[in-house]
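Reader: Please take me through the structure shown below, one question at a time.

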Amino acid sequence: MYTVIGQNKIQSTWNNMLASGQIPHAMVLSGDDGYGGLSMALNLVEALLCQTPRNDMESGTKASSLLQGCGHCPSCKKMSDLSHPDLHVAFPMLTAARKKQGQKARGVLNTMLKANPYLSVDTFLNHFNTEGKKNVAGNITSEDVKQILSNLTLSSFAGGWKAQIIWHAERLAKESNKLLKLLEEPPPQTLFVLIAPNHKQLLTTILSRCQLYQLKPVAYSELTHLDDSLFNGSPRPTENQWKMAQHIPGKVFEQEEDHGQHEEAEQLAKELLDVLAQPPSSTSIKRLELSAKKLSSAAATLQHKTLRYAAHLAEDYHKTDKMMRGELASILSLIALELGQSVRISTRIMGLWLNLHQKIKL
Ligand SMILES: [Zn+2]
């Protein structure tokens, strides 16, 4: 489950769509990566494939404005690392990296998206640009399209829906013609989600077969009722920052060039959560101080990425319930605040940490 700020109208339409079972077979999400279209599409598929869908989907309540699966069932767990056999994701790749890194690419996409649900395709592709070339564009090739056609002619693994997401469908170029027949007569219980910065870049013959959703700028006022944990460990942006970023969330949270930091951030985040999942003791306090020390000596972008990734992991942490996830997120944001000042664990953090474990015991 990815946190996407705004787009409430679309999310509530989707909630109703899932509740009523009236699911279109193909849709287009149109808008800059910074709106989080890919994350939204993955949330939709997670909810669609979830084995125990939430029953509190009535529209209008704050908790249900975000579309999500239960987060705990086997299907949701597989969705959380993009390994669900009924989820297919096609995305652009650099020609040079395709052979060498093709298999790893999906794992990289998963890690990067967890650190930043508004991941841009350029940042993603840059990860594979090991030779440091400038202006390298990735594409979706005829091989990918062959794969899409074969994915969708197979029956679903779990016997229910299957989904094909195409991130940056505009990079299909001429290849998109080959999908027309499939879009015209899709196999039953198949959902296509095409994501493009601008739907006008897609063939009209493709567009006419899809339901179109236009992603919209997010008004600053939509942030005021949001919980701090929704900012993935980043400080709450100011109104001015929001304006400067043209009301596009991803532009606010955009990271600087971040070559190779993802594995490191993932490792650090896991360390942090592993320690916090244990009750405080002299050993675990030392371990937490050690993790905080590592974190405080890291570059600012790595710190940010680690805390955002940790906040996301805390959300997925299957051993935890909703309350504990909230507590974990607030401890993490406190650690974020205190970083740089001291690596000794403050009494405030200690208090929260103890509190958390007392609640678990009850
Ligand atoms: Zn589920």
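Reader: Is His 168 buried or exposed?
Author: A residue is called buried under 20% relative accessible area, exposed over 50% and partly exposed in between, with a 1.4 Å probe and protein chains only as cover. The relative accessible area of His 168 is 4%, so this residue counts as buried.

Reader: What kind of model is this, and which atoms and residues count?
Author: Residues are numbered from 1 along each chain as its sequence is written, and side-chain values use heavy atoms, with hydrogens and water left out. Local features need pLDDT of at least 70, side-chain atom pairs count only at pLDDT 80 or more, and totals for chains, interfaces and linings use all residues, since this is a predicted model.

Reader: Where is His 168 found, and which residues does His 168 touch?
Author: His 168 is found in the loop between strand 3 and helix 7 (180-184); helices (H or I, at least four residues) and strands (E, at least two) are DSSP runs, numbered from the N terminus. Contact means heavy atoms within 4.5 Å. Not counting residues up to four places away in sequence, His 168 touches Asp 33, Pro 92, Val 121, Ile 140, Ile 195 and Pro 197.

Reader: How many residues of strand 3 are buried?
Author: In a regular strand the side chains alternate between the two faces of the sheet. In strand 3, Lys 162, Gln 164 and Ile 166 point one way, Ala 163, Ile 165 and Trp 167 point the other way, and all are buried. For strand 3 (residues 162-167), the count of buried residues is therefore six of six.

Reader: Which strands pair with strand 3?
Author: Two strands pair if DSSP finds at least two bridges between them. Four bridges join strand 3 to strand 2 (residues 87-90) in the parallel sense, and Val 89 stands opposite Ile 165. On strand 4, Phe 192 stands opposite Gln 164. With six bridges to strand 4 (residues 190-196), also parallel, the partners of strand 3 are strand 2 and strand 4.

Reader: Where is Ala 41 found, and how far is its C-alpha atom from that of Phe 192?
Author: Ala 41 is found in helix 2, and its relative accessible area of 0% makes it buried. Leaving aside neighbours within four places in sequence, Ala 41 is in contact with Leu 29, Ile 165, Val 193 and Ile 195. Although Ala 41 and Phe 192 are 151 residues apart along the chain, their C-alpha atoms are separated by 9.7 Å.

**Helix 1 and other sites**

Reader: Why do the buried residues of helix 1 lie on the same side?
Author: In helix 1, the residues Ile 10, Gln 11, Trp 14, Asn 15, Met 17 and Leu 18 are buried. The arc is that of the directions from the helix axis to the C-beta atoms. These residues lie on the same side of helix 1 because they cover an arc of only 165 degrees.

Reader: Which elements do the buried residues of helix 1 pack against?
Author: The face of helix 1 turned away from its buried side carries the exposed residues Lys 9 and Ala 19. The buried residues, in turn, pack against strand 1, helix 2 and strand 5 (211-214).

Reader: Is Asp 144 buried or exposed?
Author: Asp 144 has its place in helix 6 (residues 142-153). Not counting residues up to four places away in sequence, Asp 144 touches Arg 98 and Asn 139. Because its relative accessibility is 18%, Asp 144 counts as buried.

Reader: What is the relative accessibility of Glu 263?
Author: Glu 263 has its place in helix 11 (residues 262-276). Glu 263 counts as partly exposed because its relative accessibility is 44%.
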